[in-house]
Each structure stands twice: as C-alpha cells, then as structure tokens.
Amino acid sequence: MKRFGLVCVLICMVSVLAFSAGTKETSESVANAKAEPVVITMLIDNGQAVDGFNAVAKAAEEKLNIKIELEVRPGGNEGENIVKTRLATGDMADICLYNSGSLFQALNPSEFFVDLSGESFIDKLDETYKNTVSEGNKVFGVPYSSTQAGAWLYNKAIYAKLGLKVPATWAELIANAKKIQSAGITPIIGSYKDAWTSQLIFLGDHYNVLQLYPNFPEEYTAGKAKYASNKAGLRSWEKLHESNAYLNKDYLATTYDMALEMLVEGQGAMYPMLTQALSYIYQIYPEEINNIGVFGQPGETSGGSGLTVWMPASMYINKNSKHIEEIKKFFEFYISDEAIALYSAKIKPDGPYAIKGVDLPEGTYAGVLEMVPYFNAGRTAPALEFQSPVKGSSAEQITVQCGANLKTALECADSYDKDVRKQAIQLGLPGWN
Amino acid sequence: MMREAFFERGFVVRDTTVSKQMHPYCYLIPVLLIYLVLFILPTLMSFFFSLTVWTLSDYTFVGLENFKMFISEDSLRIGIKNTMIYAVMTSSLKVILALFVAVFLTSGLRTQNFLRSMVFFPNLVSTLAVGLTFSSLMHPTRGVFNAFLGKLGVEGPDWLGNVHLALFSIVAVDVWKGLGVATVIYLAGLQAIPKDYYEASSIDGASKRQNFLHITLPLIRPSMNSVIILSFIGGMRSFDLIWAMTKGGPGFTTDVVSSIVYKQYANGYYGLSIAGNVIMFLLIALFAFPLYRFLIKREASL
C-alpha cells in the first residue's frame with residue numbers, strides 16, 4: 001500500500017514537471033514573435049454607447065500598438081460611489097471615464113489624474129468644454145463623445161398627424177399635450193423607476209433660468225440664491241410638477257429602456273431626456289431614428305427658446321497608471337479628424353463636437369440637425385452642473401417626489417435647497433452656515 | 001520525572017502556579033486578537049467618526065451635527081420610522097403565520113415532508129433574485145399580479161409605486177421569503193413537546209382548540225422567542241430586498257436606515273453615513289435587548 005502511494009506521488013511529480021517544462025517553451029516562442037500590445041484598462045459606465053469608441057480603439061491598436069480593455073460599472077449615484085471608492089483605494093483602471101464639470105471637480109482631480117495642460121493637442125479643445133475638465137490652470141480630460149442637450153425628444157409622426165408645431169412657450173407645450181391626450185396617446189413619457197430620468201425637466205430648464213438671472217450659478221454656489229425663493233428657479237420645479245397630469249399611467253414602474261421603446265413605437269409623444277438617447281435609439285431602432293425630433297425646453301415668452309447643453313463625459317488618465325505616455329498618444333489620436341470620422345461612422349453625434357474645427361458628418365440624426373439652429377443663434381447654455389460644483393445628492397429622489405406630485409413644487413424646491421445645503425456642509429464649501 | 005510517572009498511570013496533576021492557570025486562556029489570544037481588530041476596533045472607530053465630517057483622508061470634528069441632521073431632515077427621519085414599521089410588521093407576521101403553518105405541518109398529513117421542504121424553499125433563493133422577480137410581477141400594467149386581478153375585474157394598484165402601499169408590498173415579500181426559517185424553528189419546538197401532555201388532555205376530553213391554547217402555546221414559548229428576536233433584528237437590518245425592489249423610492253417613501261446609510265456613503269458623506277449606522281446600532285440596542293430580556297424572563301417563569 002505504501003509502495004503504491006509512493007509510486008502515485010512520483011507519477012504526479014513527473015507529470016507536473018513535464019507540463020511546466022512545456023509552458024516555458026511556449027512563452028519563449030511567443031516572446032520571439034511580434035511585441036505584445038500594451039494593455040490599457042478603462043473603466044466605463046454602462047449607459048455609454050461603445051461602438052464608436054471601439055472603432056477608434058481598433059484603429060489605435062494597429063497604429064499605436066495598444067489594446068484597450070473595457071470594465072463596465074453602473075451609472076448614477078451608484079457609479080459615482082464606485083469611482084470614488086476605487087480612486088480612494090488606489091484600485092482605478094488606467095483610464096477613468098467620468099462626467100465633466102462639477103462632479104469631476106468634486107473628485108479632487110489633481111490628486112488622482114494626470115495634468116494634460118502641457119500637451120499640444122489640448123489646444124484643439126473647445127473653450128467652454130475645457131473649463132469643465134479643469135482645476136485652476138490644469139486640464140485633465142478629453143471628450144469621449146459629442147456634446148448633447150437636455151431637451152425634449154418628440155415623435156414627429158404623432159406631431160404631424162395631429163397638426164402640432166414645436167412649442168415656443170411652455171403654455172404651448174401644455175396645449176400640445178392636451179391635444180395629444182385627447183387623441184388617446186400618452187403626451188409625456190415618465191420613467192421614474194429609473195429615478196435619474198425624472199430630473200430632466202428641472203435640469204433642462206436652466207437655460208431659461210439664466211435668461212432671467214444670468215448670475216444665478218455664482219449666487220447659488222455662494223449660498224445666496226435658492227430655488228424656493230428665486231422666481232425663475234421655482235418655475236423649473238413648477239413645470240416638473242405640472243407635467244404629472246400628462247404622464248403615462250405606469251410612470252413609476254417604467255424604466256428608461258421602456259420609455260424609449262414607447263417613444264419610438266408611438267405610444268408616447270414626448271420624452272424629456274438627454275439627447276444621448278438618440279444614440280441608444282439608433283443602436284436599437286435604426287430605421288426609426290429620423291422620426292425623433294428635438295426641441296429645447298421652452299420658457300414663458302416666445303423670444304426663441306434655448307438649449308441646455310451637457311458636456312460629454314471625459315476620459316482622464318490615472319496618475320498611478322504604468323502607461324501614461326501611451327495613453328497620451330491615444331488621446332491625441334482620439335481627437336484627431338481621422339478618429340472623429342471613424343467615430344461618427346459608427347455613432348452619429350448627439351450634438352456638435354467639443355473640438356474646434358469639426359463639421360457635422362453626412363447622415364447626422366434629424367434630431368441633432370434640429371439642434372444646430374440653436375447653436376448657430378447662440379441660444380445655448382451649459383447645464384448648471386458645469387457652472388457650479390454644488391448639486392444636491394438626493395436630487396433624483398426629490399424630482400421624483402415633485403413629478404409624482406407627492407409634494408408641492410414649493411416644498412420640493414425647498415427640500416432641494418436643504419439637500420444642497422447638506423452637500424455644501426459635508427463637502428466643506430465656504431459660506432453656507 | 002514524577003509528573004511523567006503520574007501521567008503514565010492516568011493521574012491528573014493539578015499544578016497551582018499562576019502560569020499554569022493562565023495556560024488555557026493563552027489559546028484564546030489569537031481569536032481575541034482577530035475579534036478585537038475586526039469587530040471592536042471598527043465599532044469604536046465608527047463611534048468616533050460619526051461625530052465628524054470625514055473624507056476618508058481627513059476629518060473635521062462637528063460633534064452631534066450629523067445626528068441632528070438625521071433627526072431633523074425629513075428625508076433621513078423617514079428612514080427611522082420606516083425601519084420600525086418594517087421590523088414590527090415582518091416580525092409579527094412571521095411569528096403568527098409561521099406558528100399556524102408549523103402546527104398544520106405536524107398534524108399528520110401524508111405529504112407532510114414534501115410540504116415542509118416547499119415551505120423552506122423561498123429561503124434558499126437569493127434575496128436579490130426574489131426582489132427583482134416580485135418587482136416585475138408587481139408592475140402595474142405588465143405584471144402578472146395585476147393581469148390576474150384584471151381577469152377578475154379588479155383594477156390592481158401600483159404595488160410599488162403607490163406611496164401608501166409600497167412599504168407593505170415589500171413587507172409581504174419579506175414575510176413570503178422568511179416564513180420558511182420561522183416555520184422550521186417552530187417545527188423543532190413542536191416536536192420537542194412531549195406527547196404525554198396531549199394524551200393526558202385527550203383523556204380529560206379537551207378540544208383541539210383547548211389543546212392549542214393551553215398546551216402548545218405555553219410550551220412553544222422558547223421557539224417563539226427565538227423567532228421574535230431573529231425576525232425583529234433581521235427586519236431592522238434589512239437592506240437587499242428593499243434595494244432590489246424600490247431602491248428606497250418612489251422619492252423617499254420606502255427608505256429605511258440601511259438604504260439611507262448606503263446612499264449617504266455613495267454620495268461621499270462618510271461621517272453622516274456612519275452616524276446612520278450608529279443610530280441603527282442604538283435602535284437595535286434600545287428595542288432588541290429589553291425585548292430579549294423580557295422574553296427570557298417569561299420563558300423562565302414557565
């Protein structure tokens with residue numbers, strides 16, 4: 001018995017040695033072949049369309065001998081949590097994709113990301129965009145995709161069938177909604193199961209707030225301007241509150257995906273949403289894309305409504321990455337004309353690009369073409385989150401309360417002011433006590 | 001030399017020097033060290049950090065400000081209220097329903113064993129899976145529940161969207177899932193009751209109801225105490241089911257202390273979220289300990 005056991009052990013030892021000898025040989029032969037591409041990891045959120053990025057990454061693989069591996073994380077508050085945790089524990093990927101603007105600036109960028117202000121390609125970036133990825137004089141990011149707007153998507157066929165025009169004032173929008181409702185179609189689609197989508201009417205109204213109070217962002221950051229007491233600010237909440245009467249019956253259980261399906265299939269006429277939804281619609285319903293139009297959230301007067309613009313998410317280089325020089329070359333390639341052409345061939349832009357000297361390509365979505373007049377007339381403004389680092393963290397829950405009419409518009413505006421105050425105190429911002 | 005001789009003969013030598021008395025306790029040191037570092041130390045640290053505004057790299061001492069915020073802010077205070085409702089409801093429902101189920105399952109049915117496994121089955125499924133499944137079953141227009149009610153001619157409510165109903169819908173799912181464990185505990189307790197009592201009472205001509213009230217109920221008390229304590233503390237700490245079904249929504253309606261703590265943590269308010277955890281600790285201590293003492297005393301007086 002003992003002999004038998006000994007023999008078994010000897011056989012195992014020999015086979016282990018034989019196999020390990022084999023592996024050694026294969027790795028040597030690989031080393032003699034072409035040099036391995038540098039592997040670069042990138043953390044990206046699950047709401048981003050990746051076809052355009054992948055096309056550019058593939059070209060970069062051949063040109064620059066790098067290979068980008070994507071890691072997916074959730075979006076919204078949960079995603080912010082994951083990014084902050086991984087930065088704090090030193091566990092971040094080589095490239096971090098994250099929002100631009102105040103959310104980015106709240107990450108303490110100079111501690112975690114590489115300063116790109118000395119690079120030549122940074123001069124190609126649009127000025128307004130550059131401010132949203134900077135801290136002081138340091139610039140940290142390049143745009144992942146085109147800009148987009150927080151506006152109203154609408155089903156053109158329904159509008160044409162009912163003989164409706166794009167509303168120039170909020171009152172006209174409500175009038176349109178009433179007509180659509182009597183035709184038996186849901187006027188406004190609500191998708192409150194995904195709480196973040198309930199914020200758009202409130203956030204998209206920022207252009208209108210700025211028309212009446214151009215200094216609102218500065219005073220708001222200093223704790224002097226409040227939504228509850230500011231006439232234009234309160235109006236944003238009231239519009240959200242008014243939309244409730246025209247929402248689909250199951251708006252509290254509808255998700256973002258379901259809402260887009262409803263819009264495309266004509267079960268709902270209008271959907272207040274970021275125009276990045278156009279890319280999503282194009283991926284799933286490519287034949288329907290030119291049936292979806294875009295108009296900016298109207299104000300009270302018909303002086304020509306404006307668009308509230310969201311800067312694209314940006315890519316930032318992790319300071320601890322071992323491949324910083326390769327990533328810089330990748331960024332330079334990413335904002336070149338060649339890469340943008342590759343990108344737009346896969347993903348049409350949701351708005352103009354944040355890079356100077358780029359024209360919108362052939363086959364741009366009908367909705368985006370409807371956005372161009374706003375940009376040409378200068379009737380655009382960045383969303384509040386790019387002009388102020390202060391944004392209440394429970395915003396999406398309070399907008400759900402407002403849109404679901406659980407509280408009055410004034411109560412919700414007041415709640416939000418308190419929530420903003422909580423954030424200011426917790427983050428130690430000056431002047432809020 | 002002498003000692004070895006004693007051992008060989010099977011004698012036990014009792015050495016009274018201090019080092020020898022300490023000897024057994026030395027074996028506890030590794031475990032105590034782990035307990036200290038992984039449990040005691042973080043608990044003490046959290047008491048300290050709950051009094052600060054903390055960014056993980058540095059902190060500012062603010063005293064009881066975090067606690068004041070929890071008590072004064074609607075969005076935070078509702079968590080305390082919801083946690084208590086949730087814990088009391090799930091606990092009482094489990095205690096009462098599981099007892100009847102357990103009595104039913106010891107009444108000598110032929111399919112008894114199969115039914116017992118079936119009752120325990122929901123407990124084996126992941127809570128997250130249960131939450132997501134029921135969430136889609138409860139969809140107001142596309143969900144199975146309302147489709148079924150529609151066939152009966154009743155318009156089903158929005159189970160998870162109606163602000164008065166949402167929390168209770170989640171309580172119902174929690175009870176559905178947790179009934180198995182409570183039933184199993186009761187079954188063990190029921191089988192421990194000596195059959196002699198029932199025989200004696202049948203000789204005296206007692207009805208089934210009298211049997212239940214005067215024999216079963218008093219003697220099942222130890223099991224009942226276990227179920228009460230376990231389900232109450234479990235209910236107070238519950239997070240995954242609520243998160244999977246509503247994420248604390250709509251608005252703040254179904255937020256409990258644990259989901260609020262998670263959201264504050266997610267927003268980077270580390271001091272505030274630790275304060276929430278300390279509040280949860282205090283709530284459990286405030287309610288669970290006296291409850292436990294009360295129940296043990298009643299058990300002992302038996």
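Mentor: What follows is a set of questions and answers about a predicted model.

Trainee: What makes A:Leu10 count as exposed rather than buried?

Mentor: A:Leu10, which lies in helix α1 (residues 2–32) of chain A, has 10 other C-beta atoms within 10 Å. A residue is called exposed if that count is 12 or fewer, and therefore A:Leu10, with its 10, is exposed.

Trainee: How far apart are A:Leu10 and A:Arg379, in sequence and in space?

Mentor: A:Leu10 and A:Arg379 are separated by 369 residues in sequence, and by 81 Å in space when taken from C-alpha to C-alpha.

Trainee: Turning to chain B, why are α5(B) and α12(B) called roughly antiparallel?

Mentor: The axes of helix α5 (residues 74–104) and helix α12 (residues 221–237), both of chain B, come within 8 Å and cross at roughly 150°. Angles over 145 degrees count as roughly antiparallel, and therefore α5(B) is roughly antiparallel to α12(B). The crossing of α5(B) and α12(B) is also right-handed.

Trainee: Which residues make that contact, and of what classes are they?

Mentor: On α5(B) they include B:Tyr86, B:Ala87 and B:Lys94, and on α12(B) they include B:Val227, B:Ile228 and B:Phe232. By class, the contact of α5(B) with α12(B) has nine nonpolar, five polar and one charged residues.

Trainee: How does the radius of gyration of chain B stand against that of a compact globule?

Mentor: For 302 residues a compact globule would have a radius of gyration near 19 Å, whereas chain B has 26 Å. Along its principal axes, the C-alpha trace of chain B spans about 90 × 75 × 35 Å. The secondary structure of chain B comes to 15 helices and two strands, and buried residues make up 35% of its 302 residues.

Trainee: What share of the contacts in chain B with a separation of 6 or more joins residues 24 or more positions apart?

Mentor: In chain B, such residues account for 69% of the contacts with a separation of 6 or more.

Trainee: How do you know that chains A and B touch, and which element of chain A gives the largest share of its side?

Mentor: Two residues are in contact if their C-beta atoms lie within 7 Å, and 23 residues of chain A are in contact with 24 residues of chain B. The largest share of the side of chain A that touches chain B, six residues, is given by α3(A). By class, that side of chain A has eight nonpolar, eight polar and seven charged residues.

Terms used. Residues are numbered from 1 along each chain as its sequence is written. Chains are lettered from A and ligands numbered from 1 in the order in which they are written. This is a predicted model: local features need pLDDT of at least 70, side-chain atom pairs count only at pLDDT 80 or more; totals for chains, interfaces and linings use all residues. Axes are lines fitted to C-alpha atoms, for helices over the stretch in contact, and angles run from 0 to 180 degrees between N-to-C directions. Helices (H or I, at least four residues) and strands (E, at least two) are DSSP runs, numbered from the N terminus. Angles under 35 degrees count as roughly parallel, over 145 as roughly antiparallel, 65 to 115 as roughly perpendicular and the rest as oblique. A crossing is left-handed if the near helix is turned anticlockwise from the far one by less than a right angle, and right-handed if clockwise. Ala, Val, Leu, Ile, Met, Phe, Trp, Tyr, Cys and Pro count as nonpolar, Asp, Glu, Lys and Arg as charged, and the others, Gly among them, as polar. The radius of gyration is taken over C-alpha atoms; the globule rule is 2.2 Å times the number of residues to the power 0.38. A residue is buried if 20 or more other C-beta atoms lie within 10 Å of its own, exposed if 12 or fewer, and partly exposed in between; C-beta atoms are placed from the backbone.
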